[in-house]
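Reader: I'd like to go through the aromatic side chains in this one. Can you take me through them?

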Amino acid sequence: PQTSGYLRRLRQIGGSKMTFAIAKVTDPDAGKLTLFADTKITDENDSTSNRRTLSNPGQKVVIVDDDIVVGFAGDTPASAVNRVAELRGQSVERIEDALRSLSAEMHETIGASKSFLVVARTPTPRITVIIRGQQEDRTAIQTGWIGDSEAFTAFSEVFQDSSAPTEVGLEERFCTAMIGLIGWEDVPTVGGYLVRVSGSSDRPFRFMPDTAVMMPDNIDGTIVQTTGGEATLEMSLAEGADPTRHVRLPIPGTSSTYSALAHYIPQAG
C-alpha cells in the first residue's frame, strides 16, 4: 500500500521521464545500501542522439563523499552533476535542502525539471526522494526511486517475481531486475549501461566494477533432452543475425577521483 501510494503521488506531480534510478537497503544488518542507475540520455528534440545509447552514455550518479551518493533524473543532466558536486563537504541535511530548493526552482522552468535520490550510509542508512520541490523520507520503506514510472513497473515485475528460486538473495534479485530493465530496452527512456554504487556501515560508497558481456540480439535456444532424463540448453545464432558481441569493463576512479567512472569496450577501442 505504501509503494502504491508513492507511485500514485509521483504520477500526480509529474515524475521525470528521462531515466530511472533506484536505491535500496540490501542488507539491514550490515547497513548496506545499493543504488542503481542507467546511462541513457533522452532528447525529445533529437531522435538521432537517442539512438546513440551505447556511444553517448550519461552519468546520472555523483558520489558526493564516502557517506553520501546522489542520483538524479530530469532535463539538462550536466547542470545536475555540477550542482551536486558543488555540495561536497556539507551535511546530508544541507544537501537535501539545497536540492529541494533547486528542484522547486526547476519545476517552474520549462524544460529544466530535476528529481534527486539522496542516499546516506551513516550514522544509519537514509534514503530521501526529492521531486518537483517535494521531499519524502523513504528510509522506513528501505527503497526510493526517481524517473520513469513505467520503468519502475517493469523493474518491479522482475524484482517481485514469486517464481524466483528461494535461494536467490535480495541483492541478487535487485541486480537482476535492473540488468533486465536496461538490457531489454522495453522502456524507451531507460537503457545504455548499468551503474551501481554500494556502501555499508563500514565501507564507503564506491562504484562497482560490474563487467558485462553484450551478446547478439537474435539468439535461438533449444532444449535437448538426453536419454538419462537430463536436459541441456543449446544456444545458436539465428540465420542471418548480426553476430556482434562485445565486453564492457566499468573502471571506477580511485583516490581523489572516487566519483569518476569510465566504461571501456575493448572491441570498439
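Predicted model: local features only at pLDDT ≥ 70, side-chain atom pairs only at ≥ 80, totals over all residues.

Reader: How many aromatic pairs does a search of the whole structure find?

Author: Seven. Rings of Phe, Tyr and Trp (its six-membered ring) pair if their centres lie within 6.5 Å; planes under 30 degrees apart count as stacked, over 60 as edge-to-face, the rest as tilted. Phenylalanine 155 and phenylalanine 159 are stacked, because their ring centres are 5.7 Å apart and their planes are at 15°.

Reader: Where do phenylalanine 155 and phenylalanine 159 sit?

Author: In helix α5, residues 149-159. They are four residues apart, so about one helical turn separates them. Helices (H or I, at least four residues) and strands (E, at least two) are DSSP runs, numbered from the N terminus.

Reader: What about phenylalanine 155 and phenylalanine 174?

Author: That pair is edge-to-face, 5.8 Å centre to centre with 85° between the planes. It links distant parts of the chain: phenylalanine 174 is in helix α6 (residues 170-184), 19 residues from phenylalanine 155.

Reader: Is phenylalanine 174 buried or exposed?

Author: Buried, with a relative accessible area of 0%. Phe174 also belongs to one aromatic cluster with Phe20, Phe36, Trp145, Phe152, Phe155 and Phe159.

Reader: Which charges sit over phenylalanine 159 and phenylalanine 174?

Author: The rule is NZ of Lys or CZ of Arg within 6 Å of the ring centre and within 35 degrees of the ring normal. Arginine 173 has its charged end over the phenylalanine 159 ring, 4.6 Å from the centre. Lysine 24 lies over the face of phenylalanine 174, at 5.9 Å from the ring centre.

Reader: New topic. What joins the side chains of threonine 143 and lysine 24?

Author: A polar contact of 2.5 Å. That term means a pair of N or O atoms within 3.5 Å; within protein, one must be able to donate a hydrogen and the other to accept it, and residues adjacent in sequence count only if both atoms are side-chain atoms. Threonine 143 is in strand β8, residues 143-147. Threonine 143 is buried, at 11% relative accessible area.

Methods. Residues numbered from 1 in each chain as written. Heavy atoms only, no water. Buried < 20%, exposed > 50% of the residue type's maximum accessible area, 1.4 Å probe, protein only.
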